[in-house]
Amino acid sequence: MNQRYVHALRAPVARLWVMAAALVVANAVIAPDLLHGTRVTAMANLLAPLALAALAGVPSVLSGGGGLDLSVGPALGFVNVVTVAVLAEHGILSAWLGIPLCVLLGALVGAVNGLLVAYGRLQPIVATLGTFLVLSGLALVVLPQPRGGAPRWASFLADGSLGGYLPHILILPAGVLVLWAGLRRLGLVRLVTAVGSDQRAAYTSGVHVPVVRLGAYTLGGVFAGLAGIALTALTDSADPTAGKQYTLMAIAAVALGGNALSGGRGGMLGPLLGAVVLFLIQLLLSSAQVSSLWIQVVYGVILLVALCLNSAPRSGRRPRVTAAQGV
Amino acid sequence: MRRVHRWSTRLQGRLASGPAQILAIVAVFLIGRSAVVGYSDWTSIRAMAVLAAFLGIAAMGQTLVVLVGGIDLSVPALIGAGNVMTAKLTGQGMASPVVIVLVLVAGFAVGALNGYVTSRWNVPALVVTLATGSVVGGIVLLWTDATLTGSAPSWLTRFTSSSATTGPLPLAPVVVVWLVLAAAAEFVLRRTTAGRKLYAQGVNPRAARLMLVGGRSVNTLAFACSGTLAALAGTLLTGFTGAGLFDVGAPYLFSAVAAVVMGGNSLLGGRGDMLRCALGAVILTELTTLLVGFSLSAAAQQAVLGALIVIVVASYGRDQPLGSQI
Amino acid sequence: MGRRPPLFRRRHLIALTMTAALTGTAACAAKGGSDTDARAAGAGTGGKGCGTLTYKDPGGNADLSQLPKKIREGYNGYFAPVNTSVYKDFKAKSTGHLKIGYSDSFSANGWRGDALARLKQDAAALQKSGVMSSLRTANSNLDNSLQIQQITSMINQRVDAIIAIPNSPTAFNNVIKQAYDAGIPLITLNSHVTSPYAINVDTNYHLTGELVGAGVAKIVKGQGDVLVVDGINGSPASSTLHQGYQAAFAKCPGIHVKGSLEGQWSEATAKSLVLQYLSTHPGQLAAVVNSGGMTNGILQALQQTGRKPVPIGDANPDQGSLVSLRKLLPDQYAAGVTPPAQGMDAALLTAIAVLHGQGPKYDAIVATPTQITGRAALDDWIRDGWTASSAAQAPAPPGTDWLSPQQLRSYFQRPAALPELPPLP
């Protein structure tokens, strides 16, 4: 029985659960106030953009070929800017119109990335670095300065909670997980993993690799759109420079979640927990009164330690050689 | 006949890493020359060369890391650290050679740590370097108490001035140092066992380990070189502005990676060289200068630069279609 | 693995043609753009007002007319409306042994470093005299949600007041309201927020830009092309300064703003960009103005492209810039100043005054900027040991009255004695 627990603990996701639980306890001990209903909502609001950004980074990484979406941050920032500076400006204030338009915009950005990677055959980092720069620039062109005036649905998402415990904002990540589960059911996720783990094998067995990649990046874009909505809800305003910082955090969360950055391996739960762990580390540093100059150092060290603790166990003594490595 | 054919294939192989990039450099230059007044003036070229040198040195380290299949995001923090260290230590009256050795050793140590952790625990370099970058940035702030002191030694200021000359050459010494370093690195990569090991590691780390040529030491060395070169770029930047500055490295986070890729190197490891990296740094500098020349707003500059990077790389850096890879 | 790829392919040429086309289009767009920019700047009120200032009320429901003249001048052209403060009848739970939180958004620059050092020095002194019991500091490194989190956790720990440098003027409104609801006043320093529940201790960046711009306009006698080097795009301080410069130059039909660059408040970035700008704009430049601390980079770029130094405007020069100015342009510069130590003192004293129930009149306490020109001012300002290559923040010139405790009294309903702070650096 002991053996079984030890084995279960070897799985990266299990270790993340343990880490997250430990961090929650540590936070609760240091700042017991955090467990009150309104505080929980506030924490959920803070976590949502990061968590969704991490989820947005998953499909592109999963699709392999060095897949990586650097444009996640600017994409969600751009959605945030467009919501306030374009949609609200032109009187599109209804959630039924606004939210789908945001998602559509995200999907559009993702599709452009996907086209550049899958059909343009550009390395994903280059393609998404290009869109990173274009979107950061466009955000400043559309909205040169931060501005308030977000639609009402943004504050609805941020303020309320169902029954006092379940914050509204959780609709967004829940939606992502449901969508992902549906795609998994349909076998589409498996296609992405197949392409990601060995694109040549997938190609020879008749998978249309570019279409699958395009789909993966577009899906990532949809999630980035949702992350943009979460950012609008959090800040109730738009800031043209706010999105960029999410890119590296999102990728860190994906890697911490145990998804292989070389593609083909991993799911949604790991990165989600990775984002939660990153968030809880920051929260702990904020509540533990770490002096401002130390925060960066301590954060880096903890991230490094968490990463090593959660690294995939060395697979035996003998190195395995797989075709995937040669690509 | 056959020998001629073989010879020409080899030549083509050599040139394949060059002509398209050189063509792009020439094309951008000609566009600049015809569209922007003063773009092709001698002062303008010398200024561009100095800017390309800083970018090129930082990108050289990045290239080594990319060759073993990693990526180094601690470059900006190390540039900042090298920059602030140089100013502060010089300000305390330390002799320049000692300062430079100390800075390079520090860069080497952080880089080696990056490489060691990455290969020992088999974790993605991207996140490891992100974390060490945060630690380095924080330590510099703690060490200096977030206040800037000291200044660059005066010889270093001349060394990086775009109006300086190197002997008979009308280029700043920093440009010459960059070119010499790039040539030396290219030689090491092509002609020494260490260099070949780097490629073997990048193409297939597991196979490399089976052949007893890969492993931790190769990885660690590549990252350590990257750290050293980033710290060197930081030191040289101290000469450029005359003083230390914490976030002087910030613009190099993505531009170093962009320079590597614009040269046509593959970020998947095992393919690429220093020549391409140098060409990439030149193209990127040419493009940014061109955009400044057009007096675009900074936001528009950023957006257009993004599009141009994609287009330029698309002209020669595309992967082969999947069907032809089998 | 098949054939070697041919040296050149059709797509190379296609792509290169596209590059050419795109850059060409950009060029045309840019030319159109910059022309209108220059014209807008030139379409001013005629040549008479060049180099002078006219009072412009900031708007809002606050009555500024009862303020002393010198202090009221500080609100000239302030970029946000000034309203009466929600804290005007505020009573704190405790008035002694205060716990103060400080939420900074960035640490890696000299200004923030000096501000933090000053706050620590003040706190140490006030802890001795029993006014304060503790100081908490946090830093978010430009991450908005992290800063919201840090402020939230300060609220959770029930600090008595929060001093903040928020990274965005709008993103913090929710958390500022939370602080207000918890009875914790939040005082911003040099970064105005739109929330009515904050007290902004601010610099009038618009007026600073206008004063420096007017000074430069006088030096160049209202003629010539000017280059503006901004801070970070999207940052309110940078864009407000830019508007101030534009407003000053708009009064001079002979002055055209030829270009603006994003120097990011970094000497290195500013120098790189100005080098690139000067190489590609060989025409005569009359002056360069910048958002602060980039003068040295600009002067070096001028020198290294073989040009003579031109008159400089600097909204907040560093030590090295002042030394270089004295050497190269002692009579051809105009400068403003935003001193970190005085600013921090004012924010801290405001927090204490609010907690003591003195009742702030307005939601913005705006300092009156000064225009510094001439050789004598430099001699006065520069201290022994400053070198031309020091990027450290310059403390305010001696005698600068920057929201001094005496001045602060005017901004409160029931002014009373405030604790003594250590002497300024």
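**Figure 1. Chain C has a mean pLDDT of 87, and 89% of its residues reach 70 or more.** The pLDDT is the predictor's confidence in each residue, on a scale from 0 to 100. This is a predicted model, in which local features need pLDDT of at least 70 and side-chain atom pairs count only at pLDDT 80 or more, while totals for chains, interfaces and linings use all residues. Residues are numbered from 1 along each chain as its sequence is written, and chains are lettered from A and ligands numbered from 1 in the order in which they are written. In chain C, pLDDT stays under 50 over residues 29-46, for which the model has 22 contacts beyond four places in sequence; a contact requires the C-beta atoms of two residues, placed from the backbone, to lie within 7 Å. Chain A also has a mean pLDDT of 87, with 91% of its residues at 70 or more. Its stretch with pLDDT under 50 covers residues 314-327, for which the model has 20 contacts beyond four places in sequence. Where pLDDT is low, the predicted coordinates should not be read in detail. For the complex, the predictor gives an ipTM of 0.88 and a pTM of 0.89.

**Figure 2. Chain C meets chain A through 31 residues of chain C and 33 residues of chain A.** On the side of chain C that touches chain A, the elements giving two or more residues are β2 (132-139), α4 (144-156), α5 (173-181) and α7 (236-250) of chain C. Such helices (H or I, at least four residues) and strands (E, at least two) are DSSP runs, numbered from the N terminus. The most is given by α4(C), with nine residues. By class, this side of chain C has eight nonpolar, 20 polar and three charged residues. Here Ala, Val, Leu, Ile, Met, Phe, Trp, Tyr, Cys and Pro count as nonpolar, Asp, Glu, Lys and Arg as charged, and the others, Gly among them, as polar.

**Figure 3. Chain B touches chain C, with 63 residues of chain B in contact with 57 residues of chain C.** The elements that give two or more residues to this side of chain B are α1 (2-16), α2, α3 (42-67), α6 (125-144), α11 (216-241), α13 and α14 (298-316) of chain B. The largest share, 10 residues, comes from α14(B). The side of chain B that touches chain C has 38 nonpolar, 22 polar and three charged residues.

**Figure 4. Helices α2 (residues 19-35) and α13 (residues 274-293) of chain B pack at an angle of about 15 degrees, with their axes 10 Å apart.** Axes are lines fitted to C-alpha atoms, for helices over the stretch in contact, and angles run from 0 to 180 degrees between N-to-C directions. The two helices, α2(B) and α13(B), are therefore roughly parallel to each other; angles under 35 degrees count as roughly parallel, over 145 as roughly antiparallel, 65 to 115 as roughly perpendicular and the rest as oblique. From α2(B), the residues in contact include B:I22, B:I25 and B:F29, and from α13(B) they include B:L279, B:I283 and B:L290. The contact of α2(B) with α13(B) has 10 nonpolar, three polar and two charged residues.

**Figure 5. Helix α4 (residues 75-91) of chain B packs against α6(B) at an angle of about 20 degrees, with the axes 8 Å apart.** That makes α4(B) roughly parallel to α6(B). The contact involves B:P76, B:A77, B:L78, B:G80, B:A81, B:V84 and B:K88 of α4(B), together with B:G133, B:V136, B:G137, B:V140 and B:T144 of α6(B). By class, these residues divide into seven nonpolar, four polar and one charged.

**Figure 6. Helix α9 (residues 193-203) of chain B and α11(B) cross at roughly 105 degrees, their axes coming within 10 Å.** The helices α9(B) and α11(B) are therefore roughly perpendicular to each other. In this contact, B:K197, B:L198 and B:Q201 of α9(B) meet B:V218, B:N219 and B:A222 of α11(B). Three of the residues are nonpolar, two polar and one charged.
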